[in-house]
Amino acid sequence: MKMFHGTGVAMVTPFTTDGQVDYAGLENLINHLIDGGVEYLVSLGTTGESATLNKDEKKKVWAFTAEKVNKRVNLVAGIASNNTYEVVEAIKGFEAEGYDAILSASPYYNKPIQEGIYQHYKAIAEASSLPVLLYNVPSRTGSNVSAETTLRLANDFKNIIGTKEASGNFEQFNHIMRDKPEDFLFISGDDPVTLPMMAMGAVGVISVIGNAVPRQFSDMVRTCLSGDFKAALKGHYDLIEFTRLMFAEGSPGGIKTALKHLDICGDTLRLPLVQVSPAAADKIAAELKKIVG
């Protein structure tokens, strides 16, 4: 599974000013990321505002993305729901051509106990023809996938190949890294702590800021993979303020502002998300100029 080592980018979904999917902007973004040297792309994760796209829109975005990527890099589909039956049906009906894995966030809002989370992913694993990446992001879901549950899933299902960890809990990271199967992928889901997570053994990141600065961020991640963390620190520190700004007024509002400044796509979001404030946009533009010129 070396295909998921390095930098994956959780792509935004560009929208036109009237709120429709902007396919020209999406193509621009795909080419920007591939030209920027990232290792793989994630279509319709949280950053892609998947919660506000309907089923037909999702199918069209997935198909368009696979066509434009054209196997130049590996590709992951974000398919998640807090309704286990719904996500299983979506996975069974997913047109997998061009895709290499599914990324599925743990159930949100319902706040299941650990056995419920395990059974949810068990149903996903049994339904999926593609490898599955877990996604633990308690700040959005309202519940944590414990180290014990992650390890249980890793050991029980061959097609659950890794986890995107965004809990920020380094004690949990230690537990997973110490006890996981050797080939189970531990992936950062949190841009600001990617370097320390990779120092612990993470194989890379699924990034938000990589949408705007793919070259700079993926170079830093590859330097970590080479084991030269001293050299990687410069890239890490150079991106700290930009990373902070990307999340200061919500994601993906910040990153869409950056992409607008780069003339890749617009900064329209779908409600309930709104654009960042003019003051935040000015700070993003100034910081971006320092990084990319």
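## Active-site annotation

Tyr-135 sits in strand 5 (residues 132-136); strands (E, at least two residues) and helices (H or I, at least four) are DSSP runs numbered from the N terminus. The model is predicted, with local features needing pLDDT of at least 70 and side-chain atom pairs pLDDT 80 or more, while totals for chains, interfaces and linings use all residues. Residues are numbered from 1 along each chain as its sequence is written, and side-chain values use heavy atoms, without hydrogens and water.

An unreviewed UniProt entry places "active site" at Tyr-135 and Lys-164; such annotations may be inferred rather than shown by experiment. On a 1 Å grid over the protein atoms alone, a pocket is an open set of points with protein on both sides within 12 Å along at least five of seven lines, and lining residues have an atom within 4 Å of a point.

## Binding-site annotation

For "binding site", the unreviewed UniProt entry lists Thr-47 and Ile-206. The lining of the second largest pocket includes Thr-47 and Ile-206. Thr-47 belongs to the loop between strand 2 (40-43) and helix 2 (55-69).

Terms used:
On a 1 Å grid over the protein atoms alone, a cavity is a set of points where a 1.4 Å probe fits but cannot get out, and a pocket is an open set with protein on both sides within 12 Å along at least five of seven lines; lining residues have an atom within 4 Å of a point.
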